[in-house]
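Trainee: I am new to this structure and would like to study it by question and answer. May we begin once it is in view?

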Amino acid sequence: MHSLNDSASTMIQWGFIGLFIAAIVSLYFLIRFLSRKAQMVDILDYGGLRQFVKSRWYPAVFQIPALALFGIIAAYLFLGPKEYGQNPGSILIWTFWWAILPFSFILVGRLWCAICPFAWISDFVQKHFGRRQKIPFWLGKYSYWIVDITFILITWFDRVFGMTEHPALTGVIFLGLFLGVVICGFLYERRVFCRYICFLGNVAGNYSMAAPIELVSKNPEVCKSCKEKFCFFGREKQAGCPYYQVIPTKDGNRFCALCANCVKACPHDNIALRVRPFGSDFWKRMYVRFEESFFAKILVGIVIIQNIGMLSLWDEFSGFFSSFTGITNEKILFTVVYFLTMLVPVGLMFISSAFSARASKEKMIQNFARFGYAFIAVDLAGHLAHNLNHLLGEGKTILAALIGIFSQKVEQMVDSSVLSPMTVMTLQYLILSLGILGTFFINYSIAKKKAQTKADVVKTMLPHLLLLFGLMILNFYIFSLPMDHRA
């Protein structure tokens, strides 16, 4: 009887995996078919969607419930149970919201930024109390480095001081974000905090470049003849783009929150929401920035060290590193390993860029900036696979936390997993495999833009492919090992 149950369980697991593969393949061909018709199809023209996003209910109908929920969560973080597994606020933030965000970025871009309660707070403060000053020059110039450093420090702080394990520390981050949006909303115009300071917005911008939808101009000639640029400046009582974007020159999804301000402000109804190939921003960008590519490599290292830190192998690894370096303090030891893990992909990328630049006949820094976007696919695959472990390995705690919001108690359970570890691992391998395919295609597409012959394409992309495949093999090994859960 036990053997029959095991066989049935195995069949169900492989059936689920088969359905997952079929869904991915079907989605790929569907997006490919729709993208061919993208010049003729406007998603906003279906189901009354245009009327909805142009109404005063969008995005407020999502922002207000999100604000209420985040308010309850913040109260639990400061006033609720002190242990992660018993605090519904901590579980909903780290096991659910933080884990599901990257999936939303690759499907619907920065839609979260449109409904984010902190963005609503910023708009409210600015509307009623704001001084609406122009952004400081230094903030616009160095914003990429500011958000890079902020994200690095917060991730380091989490690991060293156990932010996810202590609800009050998560509450401090919430409080910092709240003060940031209030101060920026009071002093400056538009969403300066979201555009130039928010560390999550930087990650969202990177990942949203993979999304298969984008707001674009229906007829570019209409936009060229428009002198007022309502999409940027707004008109009457309708604000313009909070991220300083003009539709005709908007370079992909990185700074588009799908807030629909441009749709509401355009008097010609000349803005469409169209389907496009996954990840097309990575190779179609008009402008590439060294800072964006640099952050992509940093994220690769952060995801790797976050994954290694959840393995039982970490104790053995840290013990070896401690004996090798003589560092006995655990916090100092992790800090050294953390920054080394981030810098190694950057250093290796400089080497691969040096070889690739010879073939492409460009400066190494320019090559680094162009091909760095391919690293986003590697990081994204590793990040999604990592978060899948939380969503499916701890999924039952999410439901318990939702119930705990009202009951003020999170029911403890022996097994919180939704699927077996083997099934989760298989799904993780599938995501990593898709990352490899995506990486290859992105590298090929980037190399093809400047190469004159097929041989030049191969010579230009090969150094980066070797590095990228090496990182993917490392990811496969890491995900073959069992990971600890938060709850």
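Trainee: Which residues does Asp 148 touch, not counting residues up to four places away in sequence?

Mentor: In this predicted model, sequence neighbours up to four places away are set aside. The contacts of Asp 148 are then Asn 202, Glu 291, Phe 294 and Phe 295.

Trainee: Which side chain of opposite charge is nearest to Asp 148, and how far away is it?

Mentor: Asp 148 is buried and has no salt bridge. A salt bridge would need a side-chain nitrogen of Lys or Arg within 4 Å of a carboxyl oxygen.

Trainee: How many positive and negative side chains has the chain, and how far apart do the centres of the two sets lie?

Mentor: The chain has 45 positive and 28 negative side chains. The distance between the centres of the two sets is 11 Å.

Trainee: How many helices and strands has the chain, and why is it said to be as compact as a globular protein of that length?

Mentor: The chain contains 22 helices and four strands. For 487 residues the globule rule gives 23 Å, and the chain is as compact as a globular protein of that length because its radius of gyration is close to this, at 23 Å.

Trainee: What percentage of the residues is buried?

Mentor: Buried means under 20% relative accessible area. Of the 487 residues in the chain, the buried share is 52%.

Conventions
Residues numbered from 1 in each chain as written. Predicted model: local features only at pLDDT ≥ 70, side-chain atom pairs only at ≥ 80, totals over all residues. Heavy atoms only, no water. Buried < 20%, exposed > 50% of the residue type's maximum accessible area, 1.4 Å probe, protein only. Lys, Arg positive; Asp, Glu negative; His and termini not counted. Contact = heavy atoms within 4.5 Å. Helix = DSSP H or I, 4+ residues; strand = E, 2+ residues; numbered from the N terminus. Rg over C-alpha atoms; globule rule 2.2 N^0.38 Å. Charge placed at Lys NZ, Arg CZ, Asp CG, Glu CD.
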